[in-house]
Amino acid sequence: MWKQPYFAIGFSLMALLLFGSFAFEWIFGNVPKQIFFIEENGRAVEGPPISPKWEFPLGTDQYGYDLFGKIMLGGKYTIIAALAVAAIRMLIAVPFGYLLGTYLQKHRAWIGGLADSLHYIPLTLFAAYVLYPVLWMPPEGFANGVWERIAIQVVLMSLLTMPVVAVLVGNEAALLYRKEYVLASRVLGAGRFRIIRKHLYPQMREKLAVLYGQQVMETFIVMAHLSLLNLFLGGTKVSYDPLFGDPPMSISYEWAGLFGSTFRYLQGAPWLPLYPVFFIALAILSVSFMMEGYLRSKNPQVKKRKGIASPSENIVEWNKEQLREKMIRLKNPHDL
Amino acid sequence: MFSLLGIVLISGFPVLIGGLMEGELRLSEYLSSLQGVLKEIWPLQEFSVMNLRTGREMFLFPTIAEYILYSLQILFLAFAAAAAFALAFTVLTMLLSEKARERVKLFLYFLESLPDLLIIMAAQLGIIFIYLKTDVLISKIAVVGGDRIYWLPVLCLAILPMIQLYRLCMLTFQEEERQMYVELARSLGFSKVFIVWIHMFRNAIISVFFQSKKTIWFMLSNLFVLELMFNMPGIMLFMRDNMSPEVFLVAIFSFFLPMFLLYSVGEWFFLRHFRGKEVA
């Protein structure tokens, strides 16, 4: 697995983003640099938001905070939250899916139908609908702390599409359950749990890994979408001051929040929403690199198939040639 | 039909979640809110929503129906475009050699990991850029007032589903390529184009059709973001502004019914096709 270049690239990219984020906080503290204007020959030439420059590679936001610093600080929240959401979802969905595929086979139809209803609801809207009471700050302030809210959000987001994943796993397990070798081990007296442990799980390990990767990617996207609705990871700080109300703000510097709160500046200061989304894209890309690398290391069929396919095709070609020669000979018997 | 029940059950969720936040299970309130929603909706003509922006009551017909229609138009136009392009590209790549095919697949696979947000923003910025350089406004980048924009949102919405469908098509087509009848057709001397287009296409399209449901789900989520970013007067934006269980239910049903019809008709059509073949 580690020798696969795709996996190595994806993994190192992800590790760089994650550990870079922790290292940045450790070295520079948890408040990004703030700058109010840039001076040139004693005159102020540019006020915040400052466009990307050599000194500030990604520019600064409307309050003069360095965007690069914000992105580096926020990375860990976004990445860990996405990984956690997908992990919790899989942890709940996989056992449930196996249950569905083995013990509850008779009930699979209606449970599947119920879960199918999720397929008609836009995921983002559903998430917003469910998470709004948790994340939107009421006028009297939040009832519970940041970490509590993050935990609730992560659990809720993982539960949202859990039924779909569980049914998926269940269908797959039910398919495998009908194979001959499962029947053989049942005849030999294996219980259902043993079959799950010894047959179904090892058979599906790769598929589950890919499913996990897909869930992580999906979570990143849903978080970005949620931020467009001003629902940020760990809650949205809302200013209820009627006169000098600040726009809704993210409490941490997580990427989705950076994007959502600056989306309105797309035309005036395009770097503000673009870079956070770009970093989200990088994270998603690293996950998809890892998935591709993992798959290639597990079944290197691409190479093998090519090796088998090309000689067999040669044989066909050669036969055709031979055939043609013979046919030509048949056609003109006088030549012989 | 259980899907219908599921949608109704979900529409009452915020009551449950709100209760959980305060550490209690409000099952009875949940049930009563469900009851209320169903009662509210039943005579569809009289169903109305308090519009928070204008402070007036809005009736489902014709006001909300207009929003729904616009959203559905965009959604299905984009889906049709995505499906058409994906199939065309699949047929084209199937004609390439094995090596080139793998390369094209890998490239598109990584292209798929671009978030839709980035594509929409790139499209908007690109149009502004072209406008600044050449003074030609290719398309409006946001809806202002009552007019509607079509092709730019459709394009933005179609790109990612197209890549997804393309991957799906490639998988099924390649699976199909290993079947015996393809080999037979090839040995009979039919050209590659003919085999791919006439034989494999017909068989692969069925399985692609049944798996495309997930793509539409993905598009629904994207449609929501699209309406938000283009400020389009669609049902999603309406739903965000007037979040209530009734609106939620009506909006979801408005997506559920056409999709359900599409897939039921498709299923019926393909199954009839199969049976006809078996008899013949």
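How many salt bridges does the structure hold over all chains?

Author: The model is a predicted one, and the count of salt bridges over all chains comes to six. Several of them can be described in turn.

One of these salt bridges joins the side chains of A:Arg89 and A:Glu218, with 3.5 Å from N to O. This pair links distant parts of the chain, since A:Arg89 belongs to helix H2 of chain A and A:Glu218 to helix H8 of chain A, 129 residues apart. A:Arg89 counts as buried because its relative accessibility is 4%, under the 20% limit. A:Glu218, in turn, has a relative accessible area of 24% and is therefore partly exposed.

The two helices that carry this pair also meet another element of chain A. Helix H6 of chain A, residues 162–177, has buried residues that pack against helix H2 (67–102) and helix H8 (192–228) of chain A, among other elements, and also against helix H10 (213–230) of chain B. Among the buried residues of this helix are A:Val164, A:Val165, A:Ala166, A:Gly170 and A:Tyr177. Helix H6 of chain A has 16 residues and reaches 22 Å from its first C-alpha to its last, close to the 22 Å expected.

A:Glu292 is buried because its relative accessible area is 13%, whereas A:Arg296, at 25%, is partly exposed.

In chain B, B:Arg186 forms a salt bridge with B:Glu177, the closest N and O atoms being 3.8 Å apart. That distance lies within the 4 Å limit, so the pair counts as a salt bridge. These two residues and B:Arg101 are linked in a network of salt bridges. B:Arg186 is partly exposed because its relative accessibility is 38%.

B:Phe85, B:Phe89, B:Leu92, B:Leu95, B:Val193 and B:Trp197 make a nonpolar surface patch of about 600 Å². Helix H4 (60–94) and helix H9 (192–211) of chain B are the elements that give two or more residues to this patch. The largest share, three residues, comes from helix H4 of chain B. B:Leu92 is found in that helix, and B:Leu92 counts as exposed because its relative accessibility is 52%.

Definitions and conventions. Residues are numbered from 1 along each chain as its sequence is written. Chains are lettered from A and ligands numbered from 1 in the order in which they are written. This is a predicted model: local features need pLDDT of at least 70, side-chain atom pairs count only at pLDDT 80 or more; totals for chains, interfaces and linings use all residues. Side-chain values use heavy atoms; hydrogens and water are left out. Patches are made of residues with over 30% relative accessible area and no salt bridge: like charges are joined within 9 Å, nonpolar side chains (Val, Leu, Ile, Met, Phe, Trp, Tyr) within 5 Å. Accessible areas come from the Shrake-Rupley method with a 1.4 Å probe; for residues, only the protein chains shown count as cover. Helices (H or I, at least four residues) and strands (E, at least two) are DSSP runs, numbered from the N terminus. Buried means under 20% relative accessible area, exposed over 50%, partly exposed in between (1.4 Å probe, protein chains only). The expected span of a helix is 1.5 Å times one less than its number of residues. Contact means heavy atoms within 4.5 Å.
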